[in-house]
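Dear colleague,

Please find below the structure that I am handing over to you. My notes on its packing follow directly after it.

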Amino acid sequence: MVRAGLAAPVQGEPLLAGPTFAAPFHLRGDPADSPFTYGRYSNPTLEHFELALGELEGGSAVAFASGMAAISAVLLSLLEPGDLLVAPSDGYMSVRALAAEHLAPRGIETRLVPTAQLGADSVDGATLVWLETPANPLLDVCDIREVAAAAHDVGAIVAVDNTLATPLGQRPLDLGADLSVASDTKAMTGHGDLVMGHVAGDKALRVDRLRAWRNLTGALPGPFETWLAHRSLATLQVRLERQCATALLLATRLSEHPEVDFVRYPGLVGDPAYAVAASQMERFGPVLSFDLTSRSRAETFLDACSLVADATSFGAVHSTAERRARWGGDDVSEGLVRFSVGIEDPDDLLDDVGAALGTLS
Ligand SMILES: *Cc1c(COP(=O)(O)O)cnc(C)c1O
């Protein structure tokens, strides 16, 4: 991760060059003879970042201006009228909104299946199978190998939204998926300071089609965000190691706490997701969910935390948590808290959460 995507050493040059800000590049004669022509197509900063993503994913990668720009590139450019999308009913809500508002009117049908039930028997007639595992916010999982094999038998493409795990937690392309998609707004870049996304694939041709879509629609990230993202990749492994270790400690502590109704964390032995998660994940991610049974108890808890920001999103170095039902659109109880573990000192964080739970008794 430290070296991914860096240029070969050049005397007197930095290891990671700063962002290149340009709309036009010097371009004499035939555009095909120049590596860079115009800022909407690419720039050196983006090219190095995409090389890093490709090394990390084990494929070729194309970066987008946001996770949703990456997701809509896949769904809008690879599906045609008459096609069937199979997608999770309990995943990121904007994917369902995109299907209802933009795929359905184009004659593309969507079949929603709960992640925990998404298996070989869910893919009949599918053109594209969209997985999000662990799914967000309730953290159910499905077996990527099983679904990918069944999907390929019926000629469908499989894409995995791997935002929560990152490729250091789970490697969708190695598990048989055709596309690995992520919001790089979250754990991948991990500082809560930018919005980006990417798609990686095992087949360069398919990724080139997505790159052509991006260049046509203009959904590429700016050079400054791209440079920040590349800089942040260097610490991905150390951030995740701390986050995942503390998440497991916190999940264990919460599962034993009398004020907590239930905890979901795929890395918790005994969690309904554990067996499948352990068979395909190398790290279980920075996010856990737990139920405090009512809106007022969840709000009291969030107010009482001092090291945990009440904020959406996840995967950043700062711990954040939110009462997920405040958004609407997810099928979750009023007291459900989605908690993203940061890189704070684990004892400080556990003490803070323990004290906040103590105000509920
Ligand atoms: C945040 C998120 C997205 C959307 O990403 P943006 O960068 O906000 O567009 C997609 N999928 C999952 C699982 C997410 O958490």
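Rings of Phe, Tyr and Trp (its six-membered ring) are taken as an aromatic pair if their centres lie within 6.5 Å; planes under 30 degrees apart count as stacked, over 60 as edge-to-face and the rest as tilted. By this rule, there are six aromatic pairs. One of them is the edge-to-face pair of Tyr 38 and Tyr 41, at 5.9 Å centre to centre with 70 degrees between the planes. Relative accessible area is given with a 1.4 Å probe on protein chains only: buried is under 20%, exposed over 50%, and partly exposed in between. Tyr 38 counts as partly exposed because its relative accessibility is 39%, and Tyr 41 is partly exposed at 37%.

The model is predicted: local features need pLDDT of at least 70 and side-chain atom pairs count only at pLDDT 80 or more, while totals for chains, interfaces and linings use all residues. Residues are numbered from 1 along each chain as its sequence is written, and side-chain values use heavy atoms, with hydrogens and water left out.

Phe 290 and Phe 301 also form an edge-to-face pair, at 5.6 Å centre to centre and 85 degrees between the planes. This pair links distant parts of the chain, with Phe 290 in strand E9 and Phe 301 in helix H9, eleven residues apart. Helices (H or I, at least four residues) and strands (E, at least two) are DSSP runs numbered from the N terminus. Both Phe 290 and Phe 301 are buried, and together with Phe 339 they form one aromatic cluster.

A nonpolar core is a set of buried Ala, Val, Leu, Ile, Met, Phe, Trp, Tyr and Cys residues joined through side-chain atoms within 4.5 Å. The largest such core has 54 residues, and Leu 254, Leu 288, Phe 290, Phe 301 and Phe 339 have the most contacts inside it. Among the elements that each supply at least two residues of this core are helix H1 (44-57), helix H7 (236-255) and strand E9 (287-291). The most comes from H7, with seven residues. A second, separate core of 27 residues includes Ile 71, Leu 98, Trp 130 and Val 207.

Finally, the sheet. Two strands pair if DSSP finds at least two bridges between them. Five strands make an open sheet in the order E8-E9-E12-E11-E10, with mixed pairing. Its edge strands, E8 (262-264) and E10 (309-310), each pair on one side only. E9 and E12 run antiparallel and are joined by five bridges; Asp 291 has Leu 336 in E12 as its bridge partner.

Yours sincerely
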